[in-house]
Amino acid sequence: MSNKRKYIKVFGLVFSLTFYTTIGIHIYHTKFASPQIITKSDPQPVQSVKVTSLGSPLTIESSKHKSEQPIPLKNKEKTSTDAQTNPLKKKVKAKRSMPQILIYHSHNRESWLPELSNVQTANEAFDSKTNVTLLGDYLIKKMQSYDIPVFHSKKDYPSVIDSFNYAYSYTYSKNTIQQELTMHDNIEYLIDIHRDSQGRDKTTVQHNNLNYAQVYFVVGTNNPNWEKNMKFAERIQQGLNDKVPDLSKGIYKKDSASGHGDYNQTLSTNSALIEIGGVENNLEESYRTITVLAEVIQEIWLEDNDLN
C-alpha cells in the first residue's frame with residue numbers, strides 16, 4: 001500500500017507541474033508575444049479595405065462603432081465624367097421649375113422620297129413610320145443630353161382622328177398642345193417640326209464638304225404674339241447661320257390670306273414652326289441639321305434662364 005501511495009504522489013506532482021507550466025506559457029504569449037491582437041478594450045484606428053464591384057476597384061472604410069451604417073459606394077469615375085462633359089447639368093437640375101419645351105408635329109406623316117420605296121412624287125411622300133417624328137426623336141435625344149426639360153408628342157393624327165381631314169391639321173395639333181399644357185404647367189417653348197415640299201436644289205446647303213438640310217421658319221401674323229414669335233425665330237436663325245452659313249434660308253410671314261395665319265402661335269410667345277429640308281433630302285442630312293438646331297435651342301434656353 002505504501003508503494004502505491006508514493007506512486008500516486010509522484011504522478012500528482014508531475015501532472016501539476018506540467019499543467020501550470022502550460023498555463024504560464026499561454027499567458028506569456030498572450031500578453032507579450034502577440035501585441036497585434038485587437039481586443040474590445042483596445043480600439044484601433046480605422047483601416048481602409050479594398051473591395052471590387054462589377055470589376056471596378058472601390059474603397060470603403062470600416063467603422064469604429066458597430067452602430068454606424070456603412071457609407072454607400074459611389075461610382076466616382078462616372079460622377080467626374082458627367083461634370084466634365086456637361087458642367088451646366090448641376091445648374092439645370094437645381095432648377096427643375098424652369099420653362100419646358102414641347103416638340104410636336106402638325107403634319108406628322110411628312111416623309112422623304114429617298115427614304116421611301118415605290119414613291120415617286122412629293123404628294124405621295126407620307127408615311128406612318130418613316131416621317132418627321134424621327135426628327136423630333138433625334139432632337140429630343142440631343143436636348144435631353146443637355147438635361148433640359150423637354151417633351152415630344154408623336155401623335156399620329158390620321159390613325160387617331162375619326163374622319164381625318166388634312167386641312168384641319170393645325171386644329172388637331174392645337175388640341176394636343178392644350179392637353180400637354182394641362183399636364184405640364186411650365187411649357188413655354190413650342191417647336192413644330194415639318195419638312196418642305198421643294199426639291200433638294202432649294203433645300204440643301206454644303207458646309208465643310210457635308211450636306212445639310214436647309215431650314216426655314218413660318219410665322220403666322222394673325223395672332224397677337226406674332227412679333228415676339230418673329231424675334232424667337234430670328235434668334236434661332238442667327239444661331240444656325242453662325243454655326244453653318246446659310247443653314248437657314250429665311251423667315252416667312254403668313255397671314256390667313258397666304259396660309260393658316262396662326263399656326264398655334266397664340267399659345268406661346270416662344271413658338272416656332274420649323275421646316276427641316278425638303279422632300280428630296282434624306283435622313284442623314286436632316287439629322288445633321290437637327291444636331292445644330294439642338295445646340296442653338298440649348299443656348300437660347302440657357303440664356304433665357306440665366307444659366308450661361
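Me: Which ring does Arg-195 lie over the face of?

Reply: Arg-195 sits over the face of Phe-126, 5.4 Å from the ring centre. A charge counts as over a ring if NZ of Lys or CZ of Arg is within 6 Å of the ring centre and within 35 degrees of the ring normal. Arg-288 does the like with Tyr-212, at 5.9 Å from the ring centre. Before we go on: this is a predicted model, where local features need pLDDT of at least 70 and side-chain atom pairs pLDDT 80 or more, while totals for chains, interfaces and linings use all residues. Numbering runs from 1 along each chain as its sequence is written, and side-chain values use heavy atoms, without hydrogens and water.

Me: How many aromatic pairs are there?

Reply: You describe two rings by the distance of their centres and the angle of their planes. Rings of Phe, Tyr and Trp (its six-membered ring) pair if their centres lie within 6.5 Å; planes under 30 degrees apart are stacked, over 60 edge-to-face, and the rest tilted. Here the count is 7 aromatic pairs. One of them, Tyr-170 with Tyr-263, is edge-to-face, at 5.2 Å centre to centre and 85° between the planes. Tyr-170 belongs to helix 6 (residues 169–183) and Tyr-263 to the loop between strand 9 (248–254) and strand 10, so the pair ties together parts 93 residues apart in sequence. Helices (H or I, at least four residues) and strands (E, at least two) are DSSP runs numbered from the N terminus.

Me: Are Tyr-170 and Tyr-263 buried or exposed?

Reply: Both Tyr-170 and Tyr-263 are buried, meaning under 20% relative accessible area, with exposed over 50% and partly exposed in between (1.4 Å probe, protein chains only).

Me: Why is the pair of Tyr-189 and Phe-232 called tilted?

Reply: Because the planes of Tyr-189 and Phe-232 are at 50°, with the ring centres 5.9 Å apart. Tyr-189 is in strand 5 (residues 187–194) and Phe-232 in helix 7 (residues 226–243), so this pair links parts 43 residues apart in sequence. Tyr-189 and Phe-232 are buried too.

Me: Which way do the residues of strand 8 point?

Reply: In a regular strand, side chains alternate between the two faces of the sheet. In strand 8, Val-215, Phe-217 and Val-219 point one way, and Tyr-216, Val-218 and Gly-220 the other. Strand 8 is mostly covered, with 6 of its 6 residues buried.

Me: What joins strand 8 to strand 9?

Reply: Two strands pair if DSSP finds at least two bridges between them. Strands 8 and 9 run parallel, joined by 5 bridges, and Gly-220 stands opposite Lys-254 in strand 9.
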